[in-house]
Amino acid sequence: MQREVFDRLASADSIHHLGEVGEEAVHDWGRVHDCFHEFVLIDRSSGRLSLVVAADD
């Protein structure tokens, strides 16, 4: 967690919280898990773009 998430959050130049994807993103068989957050982290100094998905379960 430290290296893969916290260090990336600390070194990111910008952090973008992705919003609700809406009903069109639901699978045919229904929602699998709908209580999560997605963050895009941009670290220009390392040239790294990261996607962090956090769930509350």
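Visitor: Which side chain meets that of Arg3 in a salt bridge, and at what N to O distance?
Guide: The side chain of Arg3 meets that of Glu4, at 2.8 Å from N to O, where a salt bridge is a side-chain nitrogen of Lys or Arg within 4 Å of a carboxyl oxygen of Asp or Glu. This is a predicted model, in which local features need pLDDT of at least 70 and side-chain atom pairs count only at pLDDT 80 or more, while totals for chains, interfaces and linings use all residues. Residues are numbered from 1 along each chain as its sequence is written, and side-chain values use heavy atoms, with hydrogens and water left out.

Visitor: OK, how many salt bridges does that rule give?
Guide: The count is 2.

Visitor: Where do Arg8 and Glu4 lie?
Guide: Both lie in helix α1, 4 residues apart, which is about one turn of the helix; helices (H or I, at least four residues) and strands (E, at least two) are DSSP runs, numbered from the N terminus.

Visitor: Switching to Ser50, where is it, and what does its side chain touch?
Guide: Ser50 sits in strand β3, residues 48-55, and counts as buried because its relative accessible area is 6%. Its side chain makes a polar contact of 2.9 Å with the side chain of Arg8; such a contact is a pair of N or O atoms within 3.5 Å, where within protein one must be able to donate a hydrogen and the other to accept it, and residues adjacent in sequence count only if both atoms are side-chain atoms.

Visitor: What else is Ser50 in contact with?
Guide: If neighbours within four places in sequence are left aside, Ser50 is in contact (heavy atoms within 4.5 Å) with Phe39, Val40 and Leu41 as well as Arg8.

Visitor: And how do the strands pair?
Guide: β1 (residues 14-18) and β2 (residues 36-43) pair in the antiparallel sense over 5 bridges, and β2 and β3 do so over 8 bridges; two strands pair if DSSP finds at least two bridges between them. Leu18 has Glu38 in β2 as its bridge partner, while Phe39 stands opposite Val52 in β3.

Visitor: What about the turn between β2 and β3?
Guide: The two strands form a hairpin with 4 residues between them, and Gly47 in the turn has a positive phi of about 70°.

Visitor: Last topic, the surface: which residues form a nonpolar patch?
Guide: Met1, Phe6, Leu9 and Ile15 form one, with about 400 Å² of accessible area together. Patches are made of residues with over 30% relative accessible area and no salt bridge, like charges being joined within 9 Å and nonpolar side chains (Val, Leu, Ile, Met, Phe, Trp, Tyr) within 5 Å. Accessible areas come from the Shrake-Rupley method with a 1.4 Å probe, and for residues only the protein chains shown count as cover. Leu9, in helix α1 (residues 2-11), is partly exposed at 33% relative accessibility.

Conventions
Buried < 20%, exposed > 50% of the residue type's maximum accessible area, 1.4 Å probe, protein only.
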